[in-house]
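My notes follow the sequence and structure.

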Amino acid sequence: MPEHTSTGHSEPDEPDTNGPAASEGYQRRHREYEGRHRADPEGLSVWATAQSTGPVQRRGRYVPESVKHPARMLPAIAAHAIHAYTQPGDLVVDPMCGIGTTLVEAVHAGRDAFGIEYEPQWSNIADANIHHAHSQGATGRASVIRGDATRLVSLVPAALTGQAALVVTSPPYGPTVHGLVRPGEGGVVKHDDRYGEDKGNLAYRDLTGLADGFAQILHGCATLLRPGGVVVVTARPWRKRGELVDLPSAVIAAGLRAGLVPIERCVALLAAVRDGHLVARPSFFQLQQVRKARSSGVPMHLIAHEDVLIFAKETSPKDGTGVVA
Ligand SMILES: C[S@@+](CC[C@H](N)C(=O)[O-])C[C@H]1O[C@@H](n2cnc3c(N)ncnc32)[C@H](O)[C@@H]1O
């Protein structure tokens, strides 16, 4: 990995006191709260975020190793959320930042950002992606902290409390994901379909454990949000032995437990819209699963979107700011 001066990188439990986000002048760079957040009132709740494929969206903008992460967010999803809910100079946070998609899109849009990632293999790539974005002229500042985001408040400098305009994140969807495929002896072989082996990764928990950990992370995020700040979570249900595991509902419940107020539910398309029709881009395994189900009489459909669950910070009625439950 290249050396980075702009991307702080800490060990677990060690606050990133050298990172740009922690500098003294940091607070002055961010605007005072200007009233209740509002996405574009004309904005649609269906986000056309896959008009080009993931590889096309990333080409030249991300380092090639990014493809190794098994569950990257489409850059257009992060970019849409950032443009809808923040202004240049605002602070954007991703507590489970993987290879840094949220951070890269934020710095390209002139926002500052920091992320937390549990696995060093992904936080290193996030560092490289931020460095690459700066080499392309991105003006925002960003840093990555390696650590366990369930302990977010102990990882992040206290100066950042109440500073973030937006959190954009996505929880892991179980220990194995679709990853990539290549032809092998006797059929198709998966690769890059796992997170690391460390069982502290929330990907290794069952749905209840994942939801508990994610509620802790959202609780930490709530302390970082400024009044009127917004949390955007993308999540997709998955199937376990044919049964749908309803992660989006678990995320809403986790947000409520963290003291956040659900304010919108949107759809980020994983399919392109062409001439008024959806052109789906399923993975090999999604297609195989749906075909198998249909051939056995189960009328299963391909999932061609991510649920986007949007929360606001709950504030006290006295403030007159933000959202009151
Ligand atoms: C769905 S992926 C996010 C991908 C990211 N949006 C991107 O585009 O690269 C979830 C990430 O959460 C990380 N993770 C899991 N448990 C964590 C924890 N306790 N603290 C911080 N990150 C964690 C995983 O290693 C994984 O990279």
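I began with the crossing of α3 and α4, which is right-handed. I call a crossing left-handed if the near helix is turned anticlockwise from the far one by less than a right angle, and right-handed if clockwise. Helices are DSSP runs (H or I, at least four residues), numbered from the N terminus. This is a predicted model: local features need pLDDT of at least 70, side-chain atom pairs count only at pLDDT 80 or more, and totals for chains, interfaces and linings use all residues. Residues are numbered from 1 along each chain as its sequence is written.

I then looked up the axes. Helix α3 covers residues 75–85, and its axis comes within 9 Å of that of α4, at a crossing angle of roughly 50 degrees. Axes are lines fitted to C-alpha atoms, for helices over the stretch in contact, and angles run from 0 to 180 degrees between N-to-C directions. α3 and α4 are therefore oblique to each other. Under 35 degrees counts as roughly parallel, over 145 as roughly antiparallel, 65 to 115 as roughly perpendicular, and the rest as oblique.

Which residues meet here? From α3 I noted P75, A78, A79 and I82; from α4, T101, T102, E105 and A106. Contact means C-beta atoms, placed from the backbone, within 7 Å. By class I found five nonpolar, two polar and one charged. Ala, Val, Leu, Ile, Met, Phe, Trp, Tyr, Cys and Pro count as nonpolar, Asp, Glu, Lys and Arg as charged, and the others, Gly among them, as polar.

Next I followed α4 (residues 101–108) to α5 (residues 120–135). Their axes lie 9 Å apart, at an angle of about 15 degrees. That is why α4 is roughly parallel to α5. The α4 side of the contact has L103, V104, V107 and H108, and the α5 side has A126, N129, I130 and A133.

The axes are 8 Å apart and the angle is about 40 degrees. So α7 is oblique to α8. L207, A211, F214, A215 and L218 of α7 touch A250, V251, A253, A254, G255 and R257 of α8. Nine of these are nonpolar, one polar and one charged.

I also checked the ligand. It has 23 residues around it, and M96, G98, T101, Y118 and A149 come nearest. Near means a C-beta atom, placed from the backbone, within 6 Å. The shell holds 13 nonpolar, six polar and four charged residues.

Last, I looked up confidence. The pLDDT (the predictor's confidence in each residue, from 0 to 100) averages 82, and 76% of the residues score at least 70. Residues 1–39 fall below 50.

Conventions
Helix = DSSP H or I, 4+ residues; strand = E, 2+ residues; numbered from the N terminus. Contact = placed C-beta atoms within 7 Å.
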